[in-house]
Amino acid sequence: MAYTKRFDGRKFDETRKIDAKVGVVPNADGSAMFSFGDTVAIAAVYGPKQLHPQHMQNPEKGILRVNYQMMSFSVNERIRPGPSKRSTEISKISEWALASSTLLNEFPNTVVDVHIMISQADASTRCAGINAASLALAHAGVPMKDFVSSVSIGKMDKQIVVDVTKEEEDYEEGEGATDIAMSFMNRSGKLVHIQLDGKISHKELKEAVELGRKTCKKIYEIQRKALKEVQEMEKEK
Amino acid sequence: MIEESNLTAKRIHEYLEHGNRFDKRNTEEYREIEVKCGISKKSEGSAKVKIGKTEVWVGVKMEVAEPYPDSPDKGNLMVTAELTPLSHPKYEYGPPKFDAIELGRLVDRGIRESKYIDLNKLCIEKGEKVWQIFVDVYSINDDGNLLDAAFIASVAALKDAKIPFYDKKEEKIDYKKPSKEKLPLTENEPFNFSIYLIGDKIILDPIQDEENASDGRLVLTVIPTKPISICSMQKSGEFEISEEKFSEMLDVVEKTYKTLFPKIQKLAESSVKSSKQ
């Protein structure tokens, strides 16, 4: 049976309801919450600050360090506290995605720490995490040459869809589910992160990437609005 | 860095000489408290609590597990706390440090000793299968008094929790079946006080700077018997308490409890009601 109608009734190119809020962790230099429906991420940025241990320092530029973590109760089966292979890989992948947009040449020997936490998971958590982290970096005033937005594009049987849910991820009919998480820089339109699980043709993959880029433009607009809101609020203070 | 915090501590002492605090509260006054339940749909119960700028999120998860050998017909309770680097630059990744371990233990002890959860009712098959309750605490923003925030959030998350559907034949939890059954909670709702000593002054609900300037704290959990009882206590930190001071601390608790506990209880209960779970 073909995937003709989405489980939650969305259009094929429609994301879930997006919420973005900047300034959720007062202690941090920058912070934000970002959600796709029931997937909720918060991110906090601390830095640029002195990096210890010293041997990790780069005398030419500051480094970005990202840590992604799911709260134990964010999924049905409780996650044991502490890092896993999965969270370690996602941390690094998010770091690669975000590092492209930051300009840390003026901050040699320092580190910018980005902490991402997922409090509720319904697939696409890394995308929500990257989106929250981008907002937090901008909020912290870290110099950036561009802005990163992220989305998952899926293929259910033969149908390409935007922003995959857990239920869709588990789709088994026909060709099954393919899940492609990707992130783009807004202005340059360049791809800074892509991961794929499933099975897809050349042609469909190109289509998926194009749809991903278009969707990230829309997500960027929501992020920009959230940043503006907090800037105006902070100005009033 | 060290000098800066010494100066702050000195100023805090000077202020307290005149009974004043940086944020104009009196010594026994709490900051504004917010309680919100149902913050994570995949948990069995959840809550976030803000006390001033301090924020803590707690989730309850349940699994079917083997009982402990010394309590074959009782459910298990485990409280874990993570002091996340997201919540303050002083926290780091890695194995939990003492502060996180102690926080988890203090919440655990307070809840356990209060007998707030009727663990006898969480036995599925004596000696074989019981419900295991995990209470997991995450700091989101630490501006002092994390423990009291964590405690309020843990109790609220327990109130919010529903026992998931256990399929006895398949021997697993079916998360697709809606769960309606609440946790077996008793009248003994525990409430925690962290009472800080700064010099000879007793203060409640410290901000971070006050916490750093303090000599230490006395932590105690109160249950609403008539008159009230204390079900757990721990002196935390290397400092001395005279008998008079100790008794003064207990008086402060008794006085504050009367107005604070009903207020928090109401906040949590109305939030459970409005939580969609």
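Start with Cys127(A): at 0% relative accessibility it counts as buried, where buried is under 20% relative accessible area, exposed over 50% and partly exposed in between, with a 1.4 Å probe and protein chains only. This is a predicted model, so local features need pLDDT of at least 70 and side-chain atom pairs count only at pLDDT 80 or more, while totals for chains, interfaces and linings use all residues. Side-chain values use heavy atoms, leaving out hydrogens and water; residues are numbered from 1 along each chain as its sequence is written, and chains are lettered from A and ligands numbered from 1 in the order in which they are written.

Back to the cysteines. There are zero disulfides over all chains, a disulfide being a pair of cysteine sulfur atoms within 2.5 Å. Cys127(A) is in none, and the nearest cysteine sulfur, that of Cys216(A), sits 7.9 Å away. Over in the other chain, Cys123(B) counts as partly exposed because its relative accessibility is 25%.

Now for the sheet in chain A. Five strands line up as β1-β2-β3-β5-β4 in an open sheet with mixed pairing. Helices (H or I, at least four residues) and strands (E, at least two) are DSSP runs, numbered from the N terminus, and two strands pair if DSSP finds at least two bridges between them. At the edges are β1 (18–22) and β4 (63–70) of chain A, each pairing on one side only. Follow β1(A) to its neighbour: it runs antiparallel to β2 (residues 30–36) of chain A, joined by five bridges. Asp19(A), for one, has Ser35(A) in β2(A) as its bridge partner.

Helix α4 (residues 202–236) of chain A packs on this sheet, touching β1 and β2 of chain A, and its direction makes about 35° with that of β1(A). Contact here means heavy atoms within 4.5 Å; axes are lines fitted to C-alpha atoms, for helices over the stretch in contact, with angles from 0 to 180 degrees between N-to-C directions. Helix α1 (residues 85–99) of chain A lies across β4 and β5 (110–120) of chain A, at about 140° to β4(A).

Chain B has an open sheet too, this one with four strands in the order β10-β9-β11-β12 and antiparallel pairing. β10 (201–204) and β12 (229–236) of chain B each have a single partner strand, so one side of each lacks a neighbour in the sheet. Four bridges link β10(B) to β9 (residues 191–198) of chain B, with Tyr196(B) partnered by Ile203(B) in β10(B). Finally, helix α3 (residues 146–160) of chain B lies across β9 and β11 of chain B, at about 175° to β9(B).
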